[in-house]
Amino acid sequence: MGKKQLRKITLGFTVLECQRCGDQRLATQRCDTCQASPKAHETQNDLQRRRRVVAEFRRDRANVDPQVLNAQLRNEDRSHYIDSVIEAIAEVARSRRDATQLLSAMSALDQYVAAWQLALPRPMRNEGKLRAQAMSLVAEGAENLISTLIASNILEAQRFEELAQQKWDRAEELFADIEKLEKLCETISAVNASRVLNTLGQKAREFAVPEHTLHALDAALVEATGRDAESYSGMGLQLWTVRQLSLGAFDADMAAEIIRTTERAVLANPACGELFESELWKRGYARSSALMSGALANVQRALTDSQATSLEMAHEMVSAVTTYRDSTIRHALASMFASSVAEYARMTSSNAGKLIKKAASTHPHLYLNENLTDSFRKAGAHADTDFAGGRYLVGGENLTEEEFLDRYLAYVESAVSMQVGVTSAAVSLGLDIDTNRYLSPRDREVAIAGLIGIYDLCFEDLREDGSTIRVDARGPESDWMPLAASISGIVGDHIEDLKLRVTDGGETYTLEVHLPTVRIMSGGIEDVPVREAILRMADIASLSRLNRESILPLSTWSSMLDALEKELEHAQPAEWIRSLRRFRAAAAEAGMVQVASSCTNAIRARRRSISLAPLNCREVASGSARVLKR
């Protein structure tokens, strides 16, 4: 669809010599130089021929019958249809006197474009939408190109040609987007969830710039999903990852609408604040998340089991649907409709069908009627699943493999999107979401794999040994302190020690961190005075080792000490000495003998200055005496 193809089209115009000024002009047109009018007898024979052919084409061109669309056309190469249309237009431009060839070529293109308007089953749904948009632009460009045939002059023809080229350039951009989407689909179709999230984490780094902090990257990821970074702080990777999964496996437009509708409906519930603060709701949230994750993992195991039959895989998928419906979706709907904690308890322990019916009526953009196929519900409740003759028999329906997968992914789409919608609502109200209560080692591994991907590390392995978690990864030397703080927030309180081994070519880095210290000291660190932030950083670094040495180099410890002394310049003596002692203890624990010694010397010097200073009141004397006794 480039300019090289358009060179095949050459338009002929009759050119005359202007009798007034002698310049050349088009027959039937005013002279561009002197504006002399054309003679009455002048004609543009070639243009008139082209106009007759185009008029015939537009008169006889038929609309595509939506009842006879041929989905199989989508398997054919689009270039065949495009080349045929350009060749037909070129033939009319040259000499053709009828519209037969042009009608045939455009009819074939119209049929091909219409075939792409048919929704593809998940997980190909979004690719189909992009191809439909691209091919519609191709058809529009072809119509603009046909208009060049009837243009009164060269300039008008060029304007139509430019319009055609603009449409085709935009179509080419969409085809490039399709190639990116195909790569994304390949990524998320991998059987190992940890590898998938790790790859997506690395991909998320596209939104980072060198000066970005993790907080800034989080904000960029939130904004990439069309949300306000401040309101959804901390959700960047989750929202962006769900968006990628939606593009690769769901109907991305429907998934986004389900998330928005769920969030709005939950926030519109006057009791949502009461629910969010209740222990019952928090436990229900964590439980529904864990059950959905477990069901997804069971399906993954069945799909990757080389010994599993098609019936076993289908049964596992249908059984998972029951979990999505009766746990995750029911929890989300109860969060929308419950007027109290007591009613939430009743709703989450009763039949989900009534809630689903009510929500489908009041919130059509949850797409519950479209996504929650009743045959899957029946099959899940009664183990009514079979596989025969290459088709799936589910709750009385006979489905192809494509149809079966589409119905299953529609359920996953609803469950995941509604859970994200509930999460977004809670986070926007400032609630800290805690899923560690039921977090499995499998989910912990997936979360850590995605997180370290943001730090450009390739996940290799994770092992839990009592209260110690060991992670192996490959990649460049990282920003170790923020990485340790990030991991501490997702592993659960029962994990105390992190041992992260990173290989980078011939180099190996081993990070050892005491996570409780990181959790306690990093919590709210951005809100404390600079003096306290420095001391907290020192406390964290005191129990963190990189290759058995302090995680921070000597130069950083020295800079921190200088900054601390500057912050303490106007502090009371007792507070000054107390802070230096705390920093000295941290430095000594980290093996920074030189820094610890500097602290000792500074404390001694301060004591001497206090003892030599004139004592003008009892309060100062008493305070100095207490300090000196120490």
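**A strand pairing and its surroundings**

Mentor: Asp386 stands opposite Leu393, a residue of β4. These two residues belong to strands β3 and β4 (residues 391-394), which run antiparallel and are joined by 4 bridges; two strands are said to pair if DSSP finds at least two bridges between them. Strands (E, at least two residues) and helices (H or I, at least four) are DSSP runs, numbered from the N terminus.

Before going further, please keep in mind that this is a predicted model, in which local features need pLDDT of at least 70 and side-chain atom pairs count only at pLDDT 80 or more, while totals for chains, interfaces and linings use all residues. Residues are numbered from 1 along each chain as its sequence is written, and side-chain values use heavy atoms, with hydrogens and water left out.

The pairing we began with belongs to an open sheet of 3 strands, in the order β3-β4-β5, with antiparallel pairing. Its edge strands, each of which pairs on one side only, are β3 (385-388) and β5 (397-399). On average, and with direction ignored, neighbouring strands of this sheet are turned by 20 degrees against each other; such angles run from 0 to 180 degrees between N-to-C directions, and axes are lines fitted to C-alpha atoms, for helices over the stretch in contact.

Helix α17 (residues 374-382) lies across β3, β4 and β5, and runs at about 75 degrees to β4.

Two packed helices are described by the angle between their axes and the distance between the axes. Helix α10 (residues 252-268) packs with helix α13 (residues 310-337) at an angle of about 40 degrees, the axes being 7 Å apart. That angle makes α10 oblique to α13, given that angles under 35 degrees count as roughly parallel, over 145 as roughly antiparallel, 65 to 115 as roughly perpendicular and the rest as oblique. At this meeting, Thr262, Ala265 and Val266 of α10 meet Ala332, Ser335 and Met336 of α13.

Next come the aromatic rings. Rings of Phe, Tyr and Trp (its six-membered ring) pair if their centres lie within 6.5 Å, and the planes count as stacked when under 30 degrees apart, as edge-to-face when over 60, and as tilted otherwise. By this rule, 12 aromatic pairs are counted. Tyr112 and Trp116 are edge-to-face, because their ring centres are 6.4 Å apart and their planes stand at 80 degrees. Both lie in helix α4 (residues 100-117), where, being 4 residues apart, they are separated by about one helical turn. An α-helix has 3.6 residues a turn, so residues three or four places apart point the same way. Tyr112 is buried, at a relative accessible area of 4%, and Trp116 is buried too, at 7%; buried means under 20% relative accessible area, exposed over 50%, and partly exposed in between, using a 1.4 Å probe and protein chains only.

Trp281 and Tyr285 form a stacked pair, with 5.5 Å from centre to centre and 25 degrees between the planes. They, too, are 4 residues apart, in helix α12 (residues 279-304), and so are separated by about one helical turn. Trp281 is buried, with a relative accessible area of 1%, and Tyr285, at 5% relative accessibility, also counts as buried.

Ring pairs also link Phe376, Phe387, Tyr392, Phe404 and Tyr411 into a cluster, and this brings us back to the sheet, since residue numbers 385-388 belong to β3 and residues 391-394 to β4.

Rings can also have a charge above them: a charge sits over a ring if NZ of Lys or CZ of Arg is within 6 Å of the ring centre and within 35 degrees of the ring normal. The charged end of Arg78 sits in this way over the ring of Phe175, 3.5 Å from its centre, and that of Arg227 sits over the ring of Tyr232, 4.8 Å from its centre.

Definitions and conventions. Contact = heavy atoms within 4.5 Å.
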